[in-house]
Amino acid sequence: MTPKEKLKKKFSEEYEKYYLVETFKERGFVRKQCKNCGNNFWTLQDREVCPNPPCEIYGFIGKNLTKKRSYIQTWRDIEKFFVKNGHASVPSYPVVCRWFPGLYFTIASIIAFQRSVGGRTVFEMPANPLIIPQQCLRFNDIPNTGVTGRHGTNFVMIGQHSIYDGKNGYWKDRCIELDFELLTKVFKIAEEEINFVEDVWLGPNAFGYSLEYYVRGLELGNAVFTEFVGTPENYNHMKEKVIDMGAGLERFAWFSQGTPTYYDAVFGAVMKKLKKLVDYDKKFFMDYAKISAGLNLDEVTDIKKAKEKIADHLDMSVEELLRITRPVEAVYAIADHSKTLLYAVTDGALPSNVGGGYNLRVVLRRSLGFIDEFSFDIDLFDVCRMHAKELKDFNPRLSGSLPELEKILDVENRRFRETKKKSRKLVETHIAKGKLDTKNLIMLYESHGVTPELVEEAAKENGIAISVPPDFYSEISEKHMTEKAEAKEELKEGLNVEGIEPTKLLFYDNPRETKFSGNVLKIIDNNVILDKTLFYPEGGGQAADTGKINGCEVYDVQKIGGVVVHKLDKVNFKAGDTVSGEIDWAVREQHMKHHTSIHLINAAARSVLGSHVWQSGSAKTREKAHLDVTHYEALTDEQVEKIEKIANEIAAKKMKVNKKVLPRTEAERIYGMRIYQGGVVPEKYLRIIEITDGKTTIDAEACGGTHCSSTEEVGRILVTSTERIQDGVVRITIVAGRRAEQYIEEKRRLLSEVENILGVKGPEVIESAKELFEKWKNLRKEEIKSSEKSAELLIKELENKFVKGMLIEKIPGDAKNLHAISKKLSNDNRVLILFGVNERIDVFASAGKNTEINAGKLVSELCKNLGGKGGGSPYLAQGFGAKKEILDDAIEKLKRDLHG
């Protein structure tokens with residue numbers, strides 16, 4: 001039994017305690033067990049099966065069981081009911097979840113109010129009770145989107161939430177009472193039509209039992225009573241219980257309209273326009289929907305077999321059925337996917353090949369693929385624009401993001417076209433090698449961006465029929481639904497700070513103080529822990545302060561939990577002593593200027609590039625600082641100049657840099673969710689850095705670093721370089737203040753040296769440099785020709801060194817050279833592990849699909865042993881090492897282990 005099944009059994013055995021609510025007693029609901037699936041349910045009907053499909057099929061399609069309502073009017077009526085019953089109406093939080101660890105996107109309404117404090121999940125709500133139309137994104141049903149009639153990648157979860165402590169909020173009796181009234185009084189649904197199914201909900205560090213409510217086979221909502229904190233094996237009762245009722249707005253609208261699919265009910269005017277692209281027979285699709293409901297298409301894993309059954313019911317061939325339905329399914333999918341992209345980009349997410357952006361690119365390319373396949377005369381951006389117009393009253397922010405979205409989709413469209421051109425050759429190569437299974441399709445998509453639809457198209461041109469596995473999109477999407485927590489490195493093995501009180505931090509209250517005294521609490525191998533400190537520990541991308549304690553050099557400072565640890569070169573005192581400390585003010589001041597400048601650069605980048613810009617990472621040292629921002633392409637010189645110009649203009653305005661410590665809920669209410677630029681802050685109180693002129697706030701972020709008091713103190717800011725460090729992320733490197741002055745002086749000195757070397761002055765340097773560059777290029781061409789001949793000889797030599805299908809060799813060249821040689825020698829039955837030695841050790845490995853070697857794991861372990869790091873996919877991996885002295889022994893050991 002799974003933990004959930006065990007809990008369900010426990011709660012069911014004590015159903016009077018957990019599931020029997022006052023509404024059931026008052027209305028005469030009877031508890032029954034489904035004869036088909038065994039679920040326990042509550043009903044007013046004389047029935048033997050539960051309402052959960054396939055036990056009951058949809059019985060509302062094509063029927064008028066309540067007043068017809070549009071998508072938005074459905075929400076307005078629900079909102080009005082709950083506000084009338086004492087709930088505050090709260091607008092939707094962003095779909096990009098930056099406030100709770102482990103999630104890229106907001107997947108449920110309760111996520112809007114979940115926060116992490118010291119590794120524990122807590123619930124914080126701006127009002128109690130409340131109702132919220134939370135826009136959510138989920139990507140586990142991509143292959144079913146457009147096909148089943150009810151699956152999508154975006155939806156609004158109507159959240160009815162209450163925190164109950166015995167005095168405030170309410171608990172399950174009131175929750176079910178309200179939900180029952182909503183159904184019977186607002187939607188005028190007959191009482192006997194409503195059924196409740198018992199279930200269990202497991203969340204991160206909290207769980208509870210639940211009642212799902214159904215009408216005519218359609219689940220409209222699920223009321224979760226979160227009462228326990230911990231795991232199913234080890235838990236306690238919560239002091240503050242949480243009502244987590246989530247209802248589907250799309251389902252309520254669908255139920256009220258009785259349309260063939262929820263896409264018809266939800267996408268309104270957008271769907272009407274898209275249907276003009278296809279041959280849509282309303283009666284046919286109503287019959288098709290009813291038959292599909294009877295076969296429970298939603299739960300079918302093999303859609304092809306389900307289609308065969310439907311075709312048989314409709315007395316037509318499968319080919320004819322697909323000819324009619326597939327174009328319509330495509331426009332349904334395009335309607336869904338375009339809305340997902342609109343919401344995601346509005347809230348600052350970008351399509352890419354990493355993280356949550358991966359799934360956005362999947363739905364984007366799936367949409368473009370459909371447009372190409374069926375030659376639809378439609379532009380994806382036009383569909384997004386229709387959504388924004390349709391939802392203007394519901395979410396006015398969507399229209400504001402359209403200019404940026406248009407540019408993003410244009411870039412993505414160009415990349416898709418380029419991928420499509422190269423996909424044919426890639427697919428031909430893989431067809432020649434053998435079977436194209438799910439593993440190969442995923443590799444083609446992840447490594448080259450080739451969608452399975454493009455594979456099918458290219459294969460068809462080669463006279464080969466390839467069927468995309470039904471679980472393809474589920475597999476790749478599942479890998480990118482949540483953010484994996486990175487392993488944290490310990491400062492020093494064996495360093496134990498357990499039982500030590502948190503260090504009092506003096507640098508916030510006295511940012512310009514340089515000297516202090518403190519008591520020594522513990523010393524572990526020159527690691528010194530004091531009761532208080534002025535030394536800023538490395539954190540938030542900012543380097544640690546340096547200085548002295550009792551005259552001993554402090555060269556590193558780290559924070560473990562709430563304890564600050566000072567790393568000294570030597571120690572001339574003992575635990576219990578009172579010592580004097582002094583920070584290096586020149587270092588601290590430069591850190592402050594660089595950190596404040598990064599805030600200004602972030603604001604300037606947002607101004608120049610658009611509101612999709614969010615901080616993705618940062619680093620601030622004495623020498624320089626960099627800010628990684630989300631952006632869909634490399635920056636132009638013009639954009640860089642504008643960013644630098646605006647940042648310096650803000651600095652010159654002498655704006656205040658306010659530092660405030662606020663309760664998290666209050667900080668979110670005042671400044672919005674943009675405060676989470678640096679990611680999740682697992683604290684109840686947030687330190688907010690606000691840059692303002694008293695009227696306008698330029699930037700406000702939750703930030704724990706040290707900063708100037710005024711932008712004027714920053715001095716000059718120079719952007720020294722920009723680079724696209726990964727798909728969807730650009731790095732902007734800067735220097736500020738004294739370092740900016742030094743940087744300019746360094747460049748002047750360098751120019752003077754170049755002038756002396758070339759024997760020219762001023763503008764003539766450029767012409768001389770061009771001439772020198774041309775000579776270098778010609779020499780380089782000759783060098784490349786010579787290198788290619790050497791490479792050919794090396795490849796012939798290496799061909800004879802394979803042992804049992806494996807090549808483990810140290811060869812001349814860098815990582816690029818290793819990769820080039822590997823491409824020449826690899827195939828599905830070979831393993832290559834290559835080492836290149838230059839200033840460092842480069843490691844490269846490839847493993848064919850028919851081998852049992854995992855290249856990623858192998859390279860990770862090898863590089864770790866060689867004093868470096870590396871990794872990759874099971875088929876391709878690379879990394880580096882530093883311990884050249886042990887390389888030969890490591891290679892010999894590897895050969896023994898693998899060759900046997």
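Colleague: In this predicted model, is lysine 642 buried, partly exposed or exposed?
Modeller: The relative accessible area of lysine 642 comes to 42%. Because buried means under 20% and exposed means over 50%, with partly exposed in between, the class of lysine 642 is partly exposed.

Colleague: How far apart are the closest N and O atoms of aspartate 287 and lysine 283?
Modeller: Both residues belong to helix α9 (residues 282–294), where they sit 4 residues apart, about one turn of the helix. Aspartate 287 counts as partly exposed at 28% relative accessibility, whereas lysine 283 is exposed at 60%. Their side chains form a salt bridge, in which the closest N and O atoms are separated by 3.1 Å.

Colleague: Is arginine 739, which forms a salt bridge with glutamate 746, buried or exposed?
Modeller: The pair meets at 3.5 Å, N to O, and glutamate 746 is partly exposed with a relative accessible area of 34%. Arginine 739 has a relative accessible area of 14%, and because buried means under 20%, arginine 739 is buried.

Colleague: Which residues do salt bridges with shared partners join into one network?
Modeller: The structure holds 51 salt bridges. Those that share partners link into one network the residues Arg361, Glu412, Arg415, Arg724 and Asp727.

Note on methods
Residues numbered from 1 in each chain as written. Predicted model: local features only at pLDDT ≥ 70, side-chain atom pairs only at ≥ 80, totals over all residues. Heavy atoms only, no water. Salt bridge = Lys/Arg side-chain N within 4 Å of Asp/Glu carboxyl O. Helix = DSSP H or I, 4+ residues; strand = E, 2+ residues; numbered from the N terminus. Buried < 20%, exposed > 50% of the residue type's maximum accessible area, 1.4 Å probe, protein only.
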